[in-house]
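Okay, thanks for coming, everyone. I've got one structure to walk you through today, so let me put it up on the screen.

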Amino acid sequence: MSSNPPLFSDTPVAAPSNTAPMEASLRDATFDARLITEEPFLRAILQRLYGDLQSFDDWYRALLQDVRQCHTERSAPLHLQDADRIARPDWFLQSSMVGYSAYVDRFGGTFAGVSQRIHYLREMGVTYLHLLPFLRARTGDNDGGFAVAAFDDLEPRLGTMTEFLQLTTSLRDSGISLCADLVLNHVADQHPWAVGAASGDPTFQSYFHTYPDRTMPDRFAETARQIFPQTAPGNFTWSEPMQRWIWTTFYPYQWDLNYRNPAVFAGMATAMLRLANLGIDIFRLDSTAFIWKREGTDCMNQPEAHDILQALRSLVNLAAPGVLLQAEAIVTTANLPSYFGRADRAGRECHLAYHSSLMAAAWAAMAEQSTAILRQVVAATPPSPAGTSWLTYVRCHDDIGWQVLYDDVACIDAAPLQRLAAISAFFNGADGQRFPAGALFQAGPDNPTPAINGMAAALTGVERATSPESRRAAENRLLLLYGLALAFGGLPVIYMGDEIAQCNPISAATPELAQDSRWLQRPNLSDELMHQRTDPGTSAGRVFARMRTLVAYRRTLSALAADTPRSMIPMTDPAMLALRRGDNLIVLFNFSERPIAIDAHDLGMDATRSWQHVDDDAGAVVTGQLLVAPWSMRWLLCADTPLNAPN
Ligand code: GLC
């Protein structure tokens, strides 16, 4: 950027590029054509955000110049992929899309090791791989890589740029899209911007929210939400070298960026596009809800945060239109849809957004053996705008937070906090009488509903199973949750280890976990369990086989594409959830330890057509009564439905 200070002191990585002059002019023409459509929107948004800047026009021109440059440097295969995706904008909405999320080191050791495991992903039918942060992280504590020290460098212990590029190429050749984190809200205190700020450089200090005394921090603290109230209390950290308070929503070494400064926006936008040129297909936009602060609010979900995301999307449309943006906004159900863009901007923000309420509500249904909260969440979930989709999941590297459900529970219960507290206590399983083996997260006197950590297999009871029956029940619970993620309508993502029922690596009560019990769900992928995946005599083997089968069903059922309409069928039994997808598919979930008999007539099936079971009793015709076994599901399909060809 000509008008801004140097954005990166690190040497930018060279993306693979082989642009001949002729090709370059063609690229310019392509960019110009896209600009005609995109510019009015982009300019208006940026003007709203940064129009006060005296030199706005120069800044804007320089930004577009940098974005054009990123487009020019994009490699030929990526340009081809962009063109293909522009022609098939629903490519990621298909029922064939299934994701997997893992840390590089815990899954494959290194980038090269991940390449070696692509066959394992293919075996499961995975088409999307989220690799948790792999950019150069802060030395020392770094929040699992979420404290980024350089956007242009890879974490050295994971391998070289050559190995990373080999990985992106191999993934692309295998039909797997790569998702990477882009930590939007903060950088590590070791990032050059933070180092510059700490050294007293006022230009870099303006990249952050800093204050000379407690006046403003105290005012913000009245309403801003705390994320780690026990282990990193407060939202501000005193910087000794700067002699100022600095905004740190998460850990003290993660410095929140100040997006009121256009240089921050430009720096992050161009960092993203340079990363896209390495072959990243999807950006998981970490902590999006927090990127704009406003006094008197909880400093989440502010309108300007949405403007920033929409401006980023617009730049992606210009320079890397095959790339997707995925919002990580762990917020209440009512706040989620705005991450797709609202009203006249619907569909102009993120392509994907985590449905964290659905995830938490499914766990709540398991605890309560009632789908009341889950049904409330499903009812409160509007269809996502065209060209967007939920990301559905069961577990991830983070805790299961119950706060996102507060408003939903308040709609059906006069004492929402008590209800959520009971669910939290259930998964803590501290009395040893219950099946889950989870650990509380950020528990303390002012937090009545602490979040829960633990691997899915530990929380569903595989870890604590003492008999073949209790083990089977636990496996069924795990698969029931995954069945919902696969059938709800969205892009389902499997969390590493769940497919082989991997349990907590250590006891949930281990004192070292007190600092951050999220490490409970971050073990190395177990070689032993991986080997057992073909052995039906083991939990790993049974869960893996069944998960593969469910994924295979999903691929053939076009009704499970993300954009097929969804509705709920009213059920009399409180433990049931019944979803209709399009006209041809009904999926029933029994969240209880009892078998539940359903009268097929109550499902409102079109009686002129014949219906059949897809999964259990595959092929059998649905007759008057059907039984949904404890902790199980039934997928019912109109017999005349054409199936997607398996591939
Ligand atoms: C996101 C990540 C989480 C991290 C936080 C701060 O929520 O998923 O692991 O601690 O952002 O970067």
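I'll start with the ligand and then move on to some aromatic rings. Keep in mind that this is a predicted model.

So, where does the ligand sit? It's in the largest pocket.

Now for some distances. Asp-398 has a polar side-chain atom 2.4 Å from an oxygen atom of the ligand. For Asp-286, a polar side-chain atom is 2.9 Å from a ligand oxygen. Then there's Ser-287, where an N or O atom of the side chain lies 3.1 Å from an oxygen atom of the ligand. And how much of the ligand does the protein bury? On its own the ligand exposes 310 Å², and the protein buries 95% of that.

Okay, on to the rings. Searching the whole structure turns up 34 aromatic pairs. Take Phe-426 and Phe-435: their ring centres are 5.3 Å apart and the planes sit at 85°, so we call that pair edge-to-face. Are these two buried or exposed? Phe-426 is buried, at 11% relative accessible area. Phe-435 comes out at 19%, and because the cut-off for buried is under 20%, Phe-435 counts as buried too.

Phe-435 also pairs with Trp-631. That one is edge-to-face as well, with 6.3 Å between the centres and 80° between the planes.

That's what I have, so over to you.

Notes: Residues numbered from 1 in each chain as written. Predicted model: local features only at pLDDT ≥ 70, side-chain atom pairs only at ≥ 80, totals over all residues. Heavy atoms only, no water. Polar contact = N/O pair within 3.5 Å; in protein donor to acceptor, adjacent residues only side chain to side chain. Areas by Shrake-Rupley, 256 points an atom, 1.4 Å probe, with all protein chains shown as cover. 1 Å grid on protein atoms, 1.4 Å probe; cavity = no way out; pocket = protein on both sides within 12 Å on 5 of 7 lines; lining within 4 Å. Sits in = over half its atoms within 2 Å of the grid points. Phe/Tyr/Trp six-rings, centres within 6.5 Å; stacked < 30°, edge-to-face > 60°. Buried < 20%, exposed > 50% of the residue type's maximum accessible area, 1.4 Å probe, protein only.
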